[in-house]
Amino acid sequence: MPYLGKVLVVDDDQTVLELIKLYGEREGFEIIGINNGDLVLPAFDRENPDVVILDIMLPGKDGLMLCRNLREIRMIPIIMLTAKGEEADRVLGLEMGADDYVAKPFSPRELVARIKAVLRRTQPVDTSTNWKMKYPGLEIQADIRSVLVDGKETEVTPREFDLLYYLAQNPRRVFTRQELLTAVWGYDYFGDQRTVDVHIRRLRTKLAPLPYEYLTTVWGVGYQFTPPVKEGETTL
C-alpha cells in the first residue's frame with residue numbers, strides 16, 4: 001500500500017485515537033496520536049506532519065488556540081473535531097483557520113475521506129490553463145499556490161486558495177454556496193453551507209488592503225469574483 005502521508009491526531013479520548021489510527025494506517029497514513037494540548041507544538045515541530053486533526057476540547061491548550069498557533073507556524077491543512085450540534089465551535093474553528101471540520105460522533109471512513117480530500121488540495125493545481133491570473137493589486141499563481149496582494153505574498157490556507165482560484169477562473173459568474181461546496185470541497189460534504197461564508201470572510205480580510213472588492217455577495221444567491229471593468233468593456 002502506498003504511503004499517503006503523516007497525520008497528527010490530537011484528542012484526549014484514547015478510543016478515538018485508536019480508531020483513527022486503525023482506519024488511517026489501513027489506508028496508508030502514518031498516524032501520530034497526542035492526548036494533551038500542551039504536547040502538540042513540540043510534536044508538530046518534531047514530526048512535521050502533512051495534516052493535523054484537532055479536537056476542540058482538550059486538557060492543556062484547547063483546539064482553537066492550537067489551530068491559531070499552528071497557522072502562525074505553517075499553512076498546514078487542519079481538520080477540527082467538534083461535538084455534534086455545537087455550531088458555534090464549528091464556526092470558531094473555521095474562523096481560526098481550519099480547513100474543514102467533522103462532528104462527533106463521526107464515521108472513521110468519512111474522516112479518512114476528509115483527510116485524503118484536504119491533502120489533495122495541497123497539490124499543485126492543473127496549470128495547463130489560467131495558471132497565473134493578474135488583476136490590479138492581485139495576482140494568483142496556481143503553479144506554486146501563491147496569492148500576491150500589492151506585490152506581497154499573502155498566506156492563505158489550502159481551502160482558501162482553492163476557493164479564490166475557482167471563483168477567479170469564472171469571473172462574474174454567480175455561484176451558490178452549494179455549488180462552491182461541491183466544486184471546491186470536492187466530495188459529498190456533510191457540513192453546513194455557512195462554511196463557505198466563513199472562508200469568504202477570511203479571504204476578504206486578507207484582500208482588505210486592496211481598494212477594490214474582488215469577492216462580492218449576490219444577496220439571496222451566493223458569491224462571485226468581480227474584477228474591475230476595463231475601459232470600454234461591458235458586462236452583462
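1. In this predicted model, helix α7, spanning residues 177-185, and helix α8, spanning residues 194-206, have axes that come within 9 Å of one another and cross at roughly 75°. Because angles of 65 to 115 degrees count as roughly perpendicular, α7 is described as roughly perpendicular to α8.

2. On the α7 side, the residues that make this contact are Arg177, Leu180, Leu181 and Trp185, while α8 contributes Thr195, Val196, Asp197 and His199. Sorted by class, the contact of α7 with α8 holds 4 nonpolar, 2 polar and 2 charged residues.

3. Turning to the sheet, the model has an open arrangement of 5 strands in the order β2-β1-β3-β4-β5, and the pairing is parallel. The edges are formed by β2 (29-34) and β5 (100-104), each of which pairs on one side only, and from one strand to the next the twist averages 20°.

4. Within that sheet, strand β1, which covers residues 5-10, is paired with β2 in the parallel sense over 6 bridges. Which residue of β2 is the bridge partner of valine 10? The partner in β2 is isoleucine 34.

5. Helix α1, made up of residues 14-27, packs on the sheet and touches both β1 and β2.

Conventions. Residues are numbered from 1 along each chain as its sequence is written. This is a predicted model: local features need pLDDT of at least 70, side-chain atom pairs count only at pLDDT 80 or more; totals for chains, interfaces and linings use all residues. Side-chain values use heavy atoms; hydrogens and water are left out. Axes are lines fitted to C-alpha atoms, for helices over the stretch in contact, and angles run from 0 to 180 degrees between N-to-C directions. Helices (H or I, at least four residues) and strands (E, at least two) are DSSP runs, numbered from the N terminus. Angles under 35 degrees count as roughly parallel, over 145 as roughly antiparallel, 65 to 115 as roughly perpendicular and the rest as oblique. Contact means heavy atoms within 4.5 Å. Ala, Val, Leu, Ile, Met, Phe, Trp, Tyr, Cys and Pro count as nonpolar, Asp, Glu, Lys and Arg as charged, and the others, Gly among them, as polar. Two strands pair if DSSP finds at least two bridges between them.
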